[in-house]
Each structure stands twice: as structure tokens, then as C-alpha cells.
Amino acid sequence: MWNYECSYCGALLDPGERCDCQDKEEERRRQYMGNFRESRNGQMVFNFEGNNENNKDSNSRHTGY
């Protein structure tokens with residue numbers, strides 16, 4: 001019997017199987033960082049230019065960035 005285990009999350013794997021826990025973490029990180037952008041002076045600011053329907057008129061309200 002074999003004992004293949006993911007070294008990050010501890011999932012039991014079949015021989016040759018690759019765990020996708022790191023892919024899921026990277027996707028979560030990418031989604032989170034999509035909420036921010038870097039301003040002209042290098043500061044991180046919220047990204048109000050998304051496709052969220054709540055932000056449709058955000059460009060007219062948030063013009064100091």
C-alpha cells in the first residue's frame with residue numbers, strides 16, 4: 001500500500017495525482033488582490049473600477065486617485 005500525502009494540506013493522494021490546494025490558494029489571492037491597485041505614488045488603494053453593479057457611477061464619485 002502507498003501513502004502519498006500532500007505536504008501542504010495533508011490530503012491523501014493516488015500515485016501520480018497532484019493536489020490542487022495550492023491552485024485554490026493562488027486563485028483566492030488573485031481575487032483578493034484584484035480589489036486593490038497601486039496609485040501614482042506607490043500606495044495601495046481600493047479598486048473602485050470593477051465590474052460590480054454597485055460601482056457603476058464610482059468614477060464620478062471617487063476622482064482624487
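Biologist: Which side chains meet in a salt bridge at 3.6 Å, N to O?

Modeller: Those of Arg28 and Glu25. Bear in mind that this is a predicted model. The general idea is that a salt bridge has a side-chain nitrogen of Lys or Arg within 4 Å of a carboxyl oxygen of Asp or Glu; the Arg28 and Glu25 pair, at 3.6 Å, therefore counts.

Biologist: Where do Arg28 and Glu25 lie?

Modeller: Both are in helix α1, which covers residues 21-33. They sit 3 residues apart, about one turn of the helix. Glu25 is partly exposed, at 32% relative accessibility.

Biologist: What is the N to O distance in the salt bridge of Arg29 and Glu26?

Modeller: It is 2.9 Å for Arg29 and Glu26. This pair is also 3 residues apart in helix α1, so about one helical turn separates Arg29 from Glu26. Arg29 has a relative accessible area of 42%, which means it is partly exposed, and Glu26, with 34%, is partly exposed too. Through shared partners, salt bridges link Glu25, Glu26, Glu27, Arg28, Arg29 and Arg30 into one network.

Biologist: Which residue forms a salt bridge with Arg18?

Modeller: Asp23 does, and the closest N and O atoms of Arg18 and Asp23 are 3.0 Å apart.

Biologist: Is Arg18 buried or exposed?

Modeller: For reading such values, exposed means over 50% relative accessible area. Arg18 reaches 62% relative accessibility, so it counts as exposed.

Biologist: How many salt bridges does a search of the whole structure find?

Modeller: The search finds 7 salt bridges, including the Arg18 and Asp23 pair.

How values were computed
Residues numbered from 1 in each chain as written. Predicted model: local features only at pLDDT ≥ 70, side-chain atom pairs only at ≥ 80, totals over all residues. Heavy atoms only, no water. Buried < 20%, exposed > 50% of the residue type's maximum accessible area, 1.4 Å probe, protein only. Helix = DSSP H or I, 4+ residues; strand = E, 2+ residues; numbered from the N terminus.
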